[in-house]
Amino acid sequence: MLRIKSDQKQRVTLTVNDKTVSGFAQPRLLLTDFLRHELGLYGTHVGCEHGVCGACTIIIDDVATRSCLRYAVQCDGMKLRTVEGLEDVDGTLNALQKAFNENGALQCGFCTAGILMSATKFLQENPKPNRDEVRDMLSGHICRCTGYEQIVRAILQASGQ
Amino acid sequence: MLETETAERWIGARYPRKEDAALLTGNARFIDDLEPVAGIRHSAILRSDHAHACIVSIDTSKAAALPGVHGVVTGAAVADTIAPIPSAVRVPIKFYPIAIDKVRYVGEPVAVVVAEDRYIAEDAIELIDVVYEPLSATADPKIAMSENALLLHDDVGSNVVHHRTFRYGDPEAAFERADRVVKLDWRYPRYSSTPMETYGLIANFERQPDRYTLWSNFQGPFILHALMTGALGVPGNRLRLITAPHSGGSFGIKQAMFPYMVLLAACSRVLGCPVKWIEDRLEHLTGSSTAADRADSVEAAFAEDGELLGLKFDNVVNVGAFVRAPEPASVYRMHSASNGCYRVKNIAVENRLVVTNTTPIGLNRGYGGPQFYYALERVMEAGAKELGVDPAEIRRRNFIQPDEFPYKAPAGATYDSGDYEAGLNQAMELAAYDDLKAARENARSDGKLFGIGMAAGIEPSGSNMAYVTLAQTPEERAKAGGRSGGLGTATVSVDPSGSVTVKTVSTPAGQGHQTVAAQVVADALGLRPDQVDVITEVDTLTSAWSLASGNYANRFSSVVIGAVADAADKVAKKIKLIAAENLEVAPEDVELVGGNAQVVGVPEKALPVRRVAAQTHWHPAGLPDQMEPGLFETTIMNPEMLDAPDEQDRVASAVTFGYVFDLAAVEIDRKTGEIEIVKYVSVHDVGNVLNEIVVEGQIYGGFAHGLGGALLEELVYDAGANPQSGTFADYLCITAPEVPELTIGHFNTPSPHNTLGAKGMGDGSSMLAPIAIANAAADALGTFDIELPLTLNKNWAAANGLPYARAGSAKAKVGGGPREADNFEGGLTGDGSVELSAPPEEVWKLLLDPDTLAAVVPGCEELNQVGEDSFTAEVTIGVAGIKGVYSAEINLRDKIDAQSLRLVGKASGALGFGQGEGNVTLEAAGDSRTRLNYSYRANVGGKVAAVGQRMLGTVTKLLIGQFFRGFDRRLKSSGAGQTSRKGFFGRLFGGRDA
């Protein structure tokens, strides 16, 4: 097994939003810090750094994941999707993003990226969720501005209901 | 070419927000996304893990020597660089943003490390060796104000740092003629709106020209700029504050980052480099700011017919360890509206501010409102019960009537407009109140705990900066010179291309200021909102700003938007004048519609607004006579009613007064204590609605905050003032499944105090939901003697007539120095027993054998005997992902050979400290076996207590189990101990300390 010294930087190569990108990371560098400060993908936000608030949620190899609980080096070679990769191919907001805008599902927008990523994955697995299922899914996210109601409505609207 | 010909009105429309696209695509930039200056270094702050202690020494040498560390700044260096931060009240307290020789709360900054990156900075703070001499501490204001309490600030001579009484009307006579007097007293818990984005800033000191620049997510009020320049010792133009384009929530909390701005500015100066600091969540939950917890009481005098004759408020505010500006404002924000929605004229108020060993308080959504309404709206409900009238009816009987507006409140507020009874009636209808009461009867006849509660309140918005000076006596105010006002500023400009830009200096954190300002300006200029760009951030060197600038007290829709409308109006007038000359008509005949300046009634006679506006830049000589070139209009307006307080302590504290009426119905499960909100209705008067999406968002959001305060959220301190809620697993924010369905109603009365007829409305149910729900719970439980948050344990106890665990009920020891392990209330306790495979004599021997113990104590690195019955140990223990080395001292007491002993110990490390004691007894269990019984109790402080509270009990049990398994193995293999004696329970206490 490869042993990496604690202060030794490793090259980490990822596929982020369908593009191959790489940067350097010490073993202890959190994936959030790598995405934001090494790759310049500031759309992923850090709200608690202990895995509770959900703001940093991204999709890693098809699983919605708290990126603050991952080290960058653990993700070498993996496929990531972040909020920067959500828009439709023509560069317009996708249906979920549009629904968030139309329903007022965001205010300060700090928690929004994480919620969008969880909701994206959730709707893939459960394309026609009911209200309680949406609320239940949202229990993994803290939003202090909206009171959640408009987020629930937006996700239901995005699901075509 | 003409752009469009349809006249549209944007204000009031359900216009989706302009801000959203950037936020939904990851393009919005927050403070941690900015690198505004080259050469930024990163900082981490070492914080006190003691609630109260003298700093004996700080050794930073190891930290400074760590590769990558640029420098370490301690309180001494800061005190050499800056002056104390001025206070809003005259008290002899030197408030520095870092501890100088004493720490007064857990989380108070002690040293700042600046390094290449945050990781190294955090490594380095663990290498700083601080020796503390602990003092007794309390988080409880009632204890802190008692006679023998240890003082936090010796020079004040008391922990009560502010005390004033007020009288309006004739309260004594009112109470004398009352038929009924109702009194309640209670604790209001400490909680916070915890924005998802924590504090963040970059501080840069330039030696030439001796100027500080701070980029931050500070929310204002910018009156605090004056305090910062006071501390930094520079004129206003040498402290440049720039706010980030986006802020991840503020709710008032980001007001209190100004001491950190001063601290990091000082660090930048001391170390000669730009310094960045991004607060982490633990820092936020222990070292930022919170709403006030209070220990209040209220008395209400009623006539038999339900008329409210008089009110007496006795407010005890736990202000935290310092009176950080703008405190004591939290207890004065509602003061001039102490009558609430009612016609009562006779009011007495007594305010005391008490310092305790807790985080200083500050602005938080509803600022002082929840605490005030917890008094007023519960005593109204209690009065209704006492008089046997319906709680809705007692409010109806006392409401200010629609024809009484503008209404001059006894303590000085001028209510602009309202129809409180109509709002109540609408709520009754939306709630189907009669059906709800029938449901209550049914539920009760089935033995269920079902209750209905309500709360009514006005929502003051657009603060008068002068209300804070109520903290001074009229004489002191006269001496200090006049204070009044709450300036709103805005700039509307059109550049040479004809594009419109608005500057609001309103530092929003999600309230949609860009959208609403664009709607207003679009209406004035005949454009679409997407054609108007809005810049909301502040740059104190380039913006038109004033003391009241910022985002707080619902001031955007009550004040700022008026300034925006005014500036847009000036621009529109100028455009009309130019167009009139070009179109050869009178200016009154020109209207701005659909992107054009056109002649009223002759739409084909028109010029594009863009072209007319551009003329002011491209062809000034062709402008009408006397007209100034360019289009750049700034409005600075002061709402005229915002005067200075008068000699009777009356002040018009705010510009607009919205209204909220909330009704809740709850059912409490007697078996589990679970509280279900069966119905929740909230009716609002927000004046004219500027944007439905924004208004609705504020109402839902405010409701969720109120719900959090009612049901879950509390920043808990133990009896030794150690914070216990350092993570979002301990501080429980409301999440989606806990939010019940909310029925919203509106009964809007346009405000005459605002050009657009709008009112401030951001606090809403954050002020009233805690009270409506508390009233409903009181109705369900049959007692007002309850306390928020209504957690399962409390509800269950109340439902079953059992002792009630209250905020502030922990009895900490006060006075004198701390004694060894003298105070365990609220601490960690446990007991158990194990059976061991040797007779008591052998167990005893082995138990006191240092080598054995060193081998079997989990994580023991070293164990030494330092005296007859004294030992030291180094133990590594991890709790909740926090692993650290602790140095323990253990003493054995009351030894009775082979029978029993008592251990007293303490341990400390970079991650926390603890003290405790344990008792061990041995008894023969036949067949050469021993039954060992143990019990322990301990208090734990520091980071490990704040983040690991939930795990401490479990970890302790795990470690004890691990210890005895190892010990028993050793017993079996060795058969007997060796000779030396040791403190075995070092591990045990290390364990709980860990």
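Here are some questions and answers on the two chains shown above.

This is a predicted model, where local features need pLDDT of at least 70, side-chain atom pairs count only at pLDDT 80 or more, and totals for chains, interfaces and linings use all residues. Residues are numbered from 1 along each chain as its sequence is written, chains are lettered from A and ligands numbered from 1 in the order in which they are written, and side-chain values use heavy atoms, with hydrogens and water left out.

Me: What pattern does chain A follow along the sequence?
Reply: Helices here are DSSP runs of H or I with at least four residues, strands are runs of E with at least two, and both are numbered from the N terminus. Chain A has five helices and five strands. Read along the sequence, they give β-β-α-β-β-β-α-α-α-α.

Me: What radius of gyration does chain A have, next to that of a compact globule?
Reply: The radius is taken over C-alpha atoms, and the globule rule is 2.2 Å times the number of residues to the power 0.38. The C-alpha trace spans about 50 × 35 × 25 Å along the principal axes of chain A. For 161 residues the rule puts a compact globule near 15 Å, which agrees with the value for chain A, 16 Å.

Me: And what is the radius of gyration of chain B?
Reply: Chain B holds 25 helices and 35 strands, and its C-alpha atoms fill a box of roughly 115 × 75 × 55 Å along the principal axes. With 994 residues, a compact globule would come out near 30 Å, and that agrees with what chain B has: 32 Å.

Me: What percentage of the residues of chain B count as buried?
Reply: Buried means under 20% relative accessible area, exposed means over 50%, and partly exposed is in between, using a 1.4 Å probe and protein chains only. In chain A, 57% of the 161 residues count as buried. For the 994 residues of chain B, the figure is 63%.

Me: Is Asp129(B) buried or partly exposed?
Reply: Asp129(B) sits in strand E6 of chain B, residues 129-134. Its relative accessible area is 41%, so Asp129(B) counts as partly exposed.

Me: Which residues is Asp129(B) in contact with, leaving aside its neighbours within four places in sequence?
Reply: Contact means heavy atoms within 4.5 Å. With neighbours within four places set aside, the contacts of Asp129(B) are Ser57(B), Ile58(B) and Asp59(B).

Me: How many disulfides are there over all chains?
Reply: A disulfide is a covalent bond between the sulfur atoms of two cysteines. The rule here asks for a pair of cysteine sulfur atoms within 2.5 Å. Over all chains, the count is zero.

Me: Which cysteine has the closest sulfur to that of Cys267(B)?
Reply: Cys267(B) is buried, with 0% relative accessibility. Its sulfur lies 9.1 Å from the closest cysteine sulfur, too far for a bond, and that partner is Cys273(B).

Me: How far apart in space are Leu847(B) and Ala910(B)?
Reply: Leu847(B) lies in helix H22 of chain B, residues 840-847, and is buried at 0% relative accessibility. Leu847(B) and Ala910(B) are 63 residues apart in sequence, and their C-alpha to C-alpha distance is 28 Å.
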